[in-house]
Each structure stands twice: as structure tokens, then as C-alpha cells.
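Visitor: Hi, I'm new to this one. Can you show it to me and walk me through it?

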Amino acid sequence: QHTSSTHSALSFRTLDPARVGLLVCCTSGCLRGKGAVASGNSLGNSLGQDQSGRPLTMDAGLKKTLQEIPLHKTNAGPRDGDKWISRLKEEFHALIEYVKRNKTKDEDWFKLESNPVGTRWFGTCWTFIDGLKYEFDVEFDIPVTYPTTSPEITLPELDGKTAKMYRGGKICLTDHFKPLWARNVPKFGIAHAMALGLAPWLAVEIPDLVAKGKVVHKDGAAAPAQ
């Protein structure tokens, strides 16, 4: 189990390139300072087409959420040296703003921490059903070809519980995700992947898994059915 004692949380004030471990959580103590600002946030309604050639449109609520997350300017991945550090600063800022947005709307639903170089992320995500909190471990690696390639968000403990998941617990994203991500390289980042990918998946899949008895609640925590 990962803890902040093994991967120290980064002060958002300093953003020391030698220590880029990150903890994004929903307490005011973790939301201090600002990273580099990625200006501009313009999203169109057209998402391209799905695999059948049908036009895709964006839900108004989802569009509003995405518009509240800062966009990125630096097109860099883990192998790009100092440019990657610049990209991470933008990622930190976007995640901070997204968490602030969620806190304001009383919609806190995840916390994330990274390894010291920002290439591996882990934490927890949760959703409430009938007043009960269902919480799951979440993890993903940053691809070498990021941000052209989006992270593959994984919920390991739900592996094999639903058809909307690939082997190893990688969530199966909606038809909206890939075309929207592709149209917004390098503007989209980790916060956008959480909002556009994981949040809708949790909202649809977890209630269904609970209803089918594949995920059960116990002592205020989530646990997959055995």
C-alpha cells in the first residue's frame, strides 16, 4: 500500500525539479500555492466521429467541467528532460484547480500521488451509492509517447468484474474519450483524463457492479465481491 511516507508530497510553492513527487488530495493543506499557468481553455462541440462514422457531441455538463480545468502548453513526455519538468508544473496546476473546483461543488472524488519523477501515479478514487462510500485504488503510468498517448487508468481490484475493463483492471473508455483527447494534444493532461475518463466510468459502472453483487460495501469501505 502506497503512503506519503515513501513518496514525499511536493510543496506546490517550490516545485523543485529534483523532487517532483505529488500529492493531490481534497484537504486545504494540500492545495497551497500555484504551478505554472497554462492559459487558454477553448473547447468546441465537435468531437469527430465514432467507429461507425456517427458524429460525437459533448454533454453540456462534461464540457463545463473540462472548461474549468486549465489547459497545457508544453508538449513533452517523460524522456524530454527539462521540458518534462515544465510539463509537470502545468500538470500540478491543472490538478490543483480541478480539486479546488471539486471541493467548491462538494464533489471530491479522488486523491493522487506520484513517484519522484512524475511517471507513475497512484492513489484512490471513490463514489457514493445510497449514502455509502465505495473506494478503490487507482494507478497508471505516463506513456513514453505522452501526451499524444493518454494514460491507461487502472483499478486493479476490479479486474475481471466488468466487461468495460481490459486485462489488469484498465478501464475501457467511452467513444468520446479518444477523439477528444486526440483533438486536444498537448492541451489535455492527467486532470482531463480523470474528468473525461475515470469519472464517467465510475458513475456508470460502480452502481451496476453493486446492483449485481460484484462489488459489496463493508465497514464503510469498498471491497470487491469474492
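This is a predicted model: local features need pLDDT of at least 70, side-chain atom pairs count only at pLDDT 80 or more; totals for chains, interfaces and linings use all residues.

Visitor: Okay, which residues of helix 1 are buried?

Guide: In helix 1 (residues 60–67), they are Leu62, Lys63, Thr65 and Leu66. Down the helix axis they fall within an arc of 160°, so they line one face. Buried means under 20% relative accessible area, exposed over 50%, and partly exposed in between (1.4 Å probe, protein chains only). The arc is that of the directions from the helix axis to the C-beta atoms. Helices (H or I, at least four residues) and strands (E, at least two) are DSSP runs, numbered from the N terminus.

Visitor: And what covers the buried residues of helix 1?

Guide: The cover includes helix 2, helix 3 (177–183) and helix 4 (190–211).

Visitor: Switching to Asn102: where is that found?

Guide: Asn102 is in helix 2 (residues 82–104). Asn102 is buried, at 2% relative accessible area. Leaving out residues up to four places away in sequence, Asn102 touches Glu107, Asp108, Trp109 and Phe110; contact means heavy atoms within 4.5 Å.

Visitor: How many salt bridges are found in the whole structure?

Guide: The search finds eleven. A salt bridge here is a side-chain nitrogen of Lys or Arg within 4 Å of a carboxyl oxygen of Asp or Glu.

Visitor: What about Arg87, who does its side chain meet in a salt bridge?

Guide: Glu91, at 3.0 Å, N to O. Arg87 is buried at 0% relative accessibility, and Glu91 is buried with a relative accessible area of 0%.

Visitor: And Arg120, which side chain does that one meet?

Guide: Arg120 meets Glu139 in a salt bridge (3.2 Å, N to O). That pair links distant parts of the chain, 19 residues apart: Arg120 is in strand 5 (residues 120–129) and Glu139 in strand 6 (residues 132–141). Arg120 is partly exposed at 28%, and Glu139 is partly exposed at 23%.

Visitor: Last one: which residue forms a salt bridge with Glu152?

Guide: Lys170, with the closest N and O atoms 2.9 Å apart. Glu152 lies in the loop between strand 6 and strand 7 (165–166) and Lys170 in strand 8 (residues 170–171), so the pair ties together parts 18 residues apart in sequence.

Notes. Residues are numbered from 1 along each chain as its sequence is written. Side-chain values use heavy atoms; hydrogens and water are left out.
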